[in-house]
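Okay, thanks for coming, everyone. Let me put the sequence and the model up on the screen, and then I'll walk you through the parts I looked at.

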Amino acid sequence: MNESKNFLKSQVQEDLEANKYQKIITRFPPEPNGFPHIGHAKSIFINFGIARDFNGYCNLRMDDTNPSKEDTKYVEALKDAVEWLGYEWYGDVRFTSDYFPKLYEYAIELIKMGKAYVDSLTEDEIREYRGSVTEPGKRSKYAERSVEENLDLFERMKKGEFVEGEHVLRAKIDMSAANMKMRDPLLYRIKNAHHFRTGDEWAIYPMYDFAHCLSDYIEGVTHSICTLEFENNRDIYDWVLDTLKLEPPRPYQHEFARLNINYTVMSKRKLLELVEGGYVNGWDDPRLPTIAGYRRKGYTPESILTFCDQIGVAKSNSVVDVSQLEFCIRDDLNTKVPRVLCVLDPLKVTIVNYEGEEEIDAPYYPHDVPKEGSRKLPFSREIYIDRADFEENPPKGYYRLTPTQPVRLRHGYIIECKEVLKDAAGNIVEIKAEYYPNSKSGEDTSGIKVKSAIQWVSALSAKEVEVRVYDRLFACEAPQGVEDINPNSLVVKKALIEPAVITQKPDVRFQFEREGYFYADPIDYTDETPVFNKIVSLKDSWGKKKRNSREKTKQQEKKVQIDGEVTPMTPEQEKLFERYTKELQLNTEVANTLARDSFLASFYEEALNELNSAVNLANIITNEVAREIKAQNSTELHFTPKQIAQLIAMVDEELISNKIAKQVFEEMAKTGADPKQIVEDKGLIQISDPAQIKPIIDEVIAANPQNVEKFKGGNKKLLGFFVGQVLKATGGKANPKMVNELVAQKLA
RNA sequence: UGGGGUAUCGCCAAGCGGUAAGGCCUCGGUUUUUGGUACCGAUAUUCGGGGGUUCGAAUCCCUCUACCCCAUCCA
């Protein structure tokens, strides 16, 4: 598996090291309102994977808070998917609906705290009152109801005394919050629908934002991992848990980018449209990116898991190329699956100089797959080969049978074309050929060199099978909907296959040599009418060559960036800028940053009172100090302008290098210690004596002969590498400028 | 227009101030009775653009740009 850590694993590791949790608990929490797709597989892989990696648990929880959409058939599909992928959830399957009583209690608690109220605005009014992204909302007059009234109303909501939409329970947070989600979010709504588990017991149902965080908490989840679109919901997640003052530890939410793959669609809505519109044959149609679809097509769980591992986990919206997935299934099947001969587009070949019949012993696996097994391949005078394996007027580079080019029948003899028979329309209907009796595979003494070996079947014993050749469902990379459907996404062929394959059971995979991997359809396959699904083609560098030569290579243009306008300075800022550039000789960029930030400016002025080192102070304040201020979100700073001045004084006196100054500053920001004290305690005084530095340089050079070579060969970037090594050896204390010069001299 | 995110090769993706990982794709080559596999090799002087700080910047600072998410009684 992938060794590099993703940000989620790093987070878990960090939390574990900080002793935040004793045991890691994650959860996979789908809403049972549709069939799981490969995006769910990614989530399953992440959640169960983290639990496995860190010796924890992963729960499977059905987030069933919306009875009008959910159904028990979906929970079965979800369970199947997890099991098929090889994971085991901890304990029983959980349901948010199991927590409805507990959730109700928490809601009452919030009401008692004055943090939740029953609102009786209409749906439209609620929307209107919420405001817009740029304008604040306004609070409902019902927010003023007393705790008693809220309690009474909420209980009656629960009892079913009201109709849908009459009341809702809302959190009392902030109607003018910049985060729209925090404008008094709804906690409960009245719904008369029948719930597939709790039946008609409840008249009210909790909203996602209320139920999810608390369900996580109830289950002892530590890391609540979800997709990017919930980033804005994190504030409510934290608000609910914090406001309720629950006993720690509590879970935290982390978001990652959902999976997208080109040439397909992933949204539930679009998938549903395809299924219900009859564009595909059900949720397990092999062209669909559903787990059931991939499974029916013949993908292995291992290949899906490998894929999930390869694509990684990050926060940028991305679209993974299908070829990555296709690679995974090819790679998995290559070492697992027997090779057999199947002719998809049969063309008759009569071997005129052959009489009788024979059986050829043919191994199931090629030389590079360490597996045993073989079968008998019947051979006779009449055989079939694939139409694509004969060309009367072959293009350049064609390796297969032509009127002048012999070819080997895989595992069998070399044949040569003698005559081409055509129908009235000019279509080739048969080939008369001759074979070389002394060219049999394994005992070939003919000395004839052929460029390829092709698949074939004997006419006498071949069986007709149905082969469903699937191609991508959509014709374009980023399909919008059914209008982009590839009309040839399914081609059903009557193919001819060698007899050994037919005695096999369904649910078995093969490689049809030179064609691809195929799967005996687990549902439609019978011995009388065998059906094979194409899983994926083999890599086809010949087909590609042909295609590429036809396609024009399009050149990509580099995008031109346009610079936007910068907001002008106020007169006061203008004045400061003037002073900084003219009087203090700061460069315009630094002066600009300082002048525009009043906090930084006053910090700078104060430091300037302590030390007359305008440029160096300005530099550290606009860069390092600014960063700390951002990180600490203002207020609680551990360092003062005076201390910064002391630090810079040491730099000015060349007691410490700039590099060390940054290190000292970080320490100051963390602990609030005095810069001089830090330098003293850690012995950070700069080493500027060449006599001390030179031996270290020699050591570094001696230890890295290849890099010395590379450097002398012209790789000047390596100078930085050597400087870095020397600095590392001295604990960062060597004067970097001097090291630079000395190293350059040494290596010159 | 407010808030929250994200930008590193054709596609994913490491990287957290000191030599731009890896996989897929692509292109060469070797082996091959699968135009498969395997194996070797090539492919980012540059990290969305522009500035700044530093001996040294993909990494720190400023700024601009592009894209995604948020105004369901969905999740």
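This is a predicted model: local features need pLDDT of at least 70, side-chain atom pairs count only at pLDDT 80 or more; totals for chains, interfaces and linings use all residues.

Which part of the RNA is the protein next to? Of the atoms of RNA strand B that come within 4 Å of the protein, 62% belong to sugar and phosphate.

What does the protein side of that look like? Sorted by class, the surface near RNA strand B has 38 polar, 35 charged and 30 nonpolar residues. If you want to find the element that gives the most to that surface, go to helix α23, residues 718-729, which supplies six residues.

At Asp368, a polar side-chain atom lies 2.2 Å from a base oxygen of RNA strand B. Over at Asn619, a polar side-chain atom sits 3.3 Å from a sugar or linking oxygen of RNA strand B. Asp321 does it with its backbone: a polar backbone atom there is 3.2 Å from a sugar or linking oxygen of RNA strand B.

Okay, on to the sheets. Quick reminder for anyone new to this: strands of a sheet pair through backbone hydrogen bonds, and they can be parallel or antiparallel.

Take the open sheet with four strands, in the order β4-β5-β6-β7, with antiparallel pairing. Which strands are at the edges? Those are β4 (116-119) and β7 (204-206), and each pairs on one side only. On average, neighbouring strands in this sheet are turned by 20 degrees against each other, ignoring direction. Let's look at one pair: β6, residues 186-190, is joined to β7 by three bridges, running antiparallel. You can see Ile190 standing opposite Ile204 in β7.

Next, the open sheet of seven strands. Its order is β19-β16-β17-β18-β12-β15-β20, and the pairing is mixed. The edges are β19 (453-454) and β20 (456-458), and each has a single partner strand, so one side of each is left without a neighbour in the sheet. For a parallel pair, look at β12 (residues 346-351) and β18 (residues 428-435), which are joined by four bridges. Val349 has Ile431 in β18 as its bridge partner.

Let me also show you some other strand pairs. Strand β22, residues 490-497, is joined to β21, residues 463-470, by eight bridges, and they run antiparallel. One partner pair to click on there is Val469 with Val491 in β22. Strand β22 also pairs with β11, residues 342-343, through two bridges, again antiparallel. In that pairing, Cys342 has Ile497 in β22 as its bridge partner.

Then there's β23, residues 509-512. Strand β10, residues 339-340, runs parallel to β23, with two bridges joining them. Val340 is partnered there with Phe512 in β23. And β23 pairs with β24, residues 516-520, over four bridges in the antiparallel sense. How many residues are between β23 and β24 in their hairpin? Three, and Arg514 in the turn has a positive phi of about 65 degrees.

Most residues other than glycine have a negative phi, and most peptide bonds are trans. Asp184 is in the loop between β5 (168-171) and β6. And the peptide bond from Pro248 to Pro249 is cis, with omega near 0 degrees. Pro249 is in the loop between α8 (234-243) and β9 (252-256).

Last stop, the empty space inside. Rolling a probe the size of a water molecule over the atoms shows where empty space is left. How many cavities of 30 Å³ or more turn up? Searching the whole structure gives one. The largest cavity has a volume of about 30 Å³. Its lining is Tyr208, Asp209, His212, Cys213, Asn233, Tyr237 and Gln253. Helix α7, residues 208-218, gives the most to that lining, with four residues. By class, the lining has three nonpolar, three polar and one charged residues.

That's my tour, so let's open it up for discussion.

Conventions:
Residues are numbered from 1 along each chain as its sequence is written. Chains are lettered from A and ligands numbered from 1 in the order in which they are written. Side-chain values use heavy atoms; hydrogens and water are left out. On a 1 Å grid over the protein atoms alone, a cavity is a set of points where a 1.4 Å probe fits but cannot get out, and a pocket is an open set with protein on both sides within 12 Å along at least five of seven lines; lining residues have an atom within 4 Å of a point. Grid points are joined across faces, edges and corners, and a volume is the space filled by probe spheres set on the points. Ala, Val, Leu, Ile, Met, Phe, Trp, Tyr, Cys and Pro count as nonpolar, Asp, Glu, Lys and Arg as charged, and the others, Gly among them, as polar. A residue is near a molecule or strand if one of its heavy atoms lies within 4 Å of it. A polar contact is a pair of N or O atoms within 3.5 Å; within protein, one must be able to donate a hydrogen and the other to accept it, and residues adjacent in sequence count only if both atoms are side-chain atoms. Two strands pair if DSSP finds at least two bridges between them. Axes are lines fitted to C-alpha atoms, for helices over the stretch in contact, and angles run from 0 to 180 degrees between N-to-C directions.
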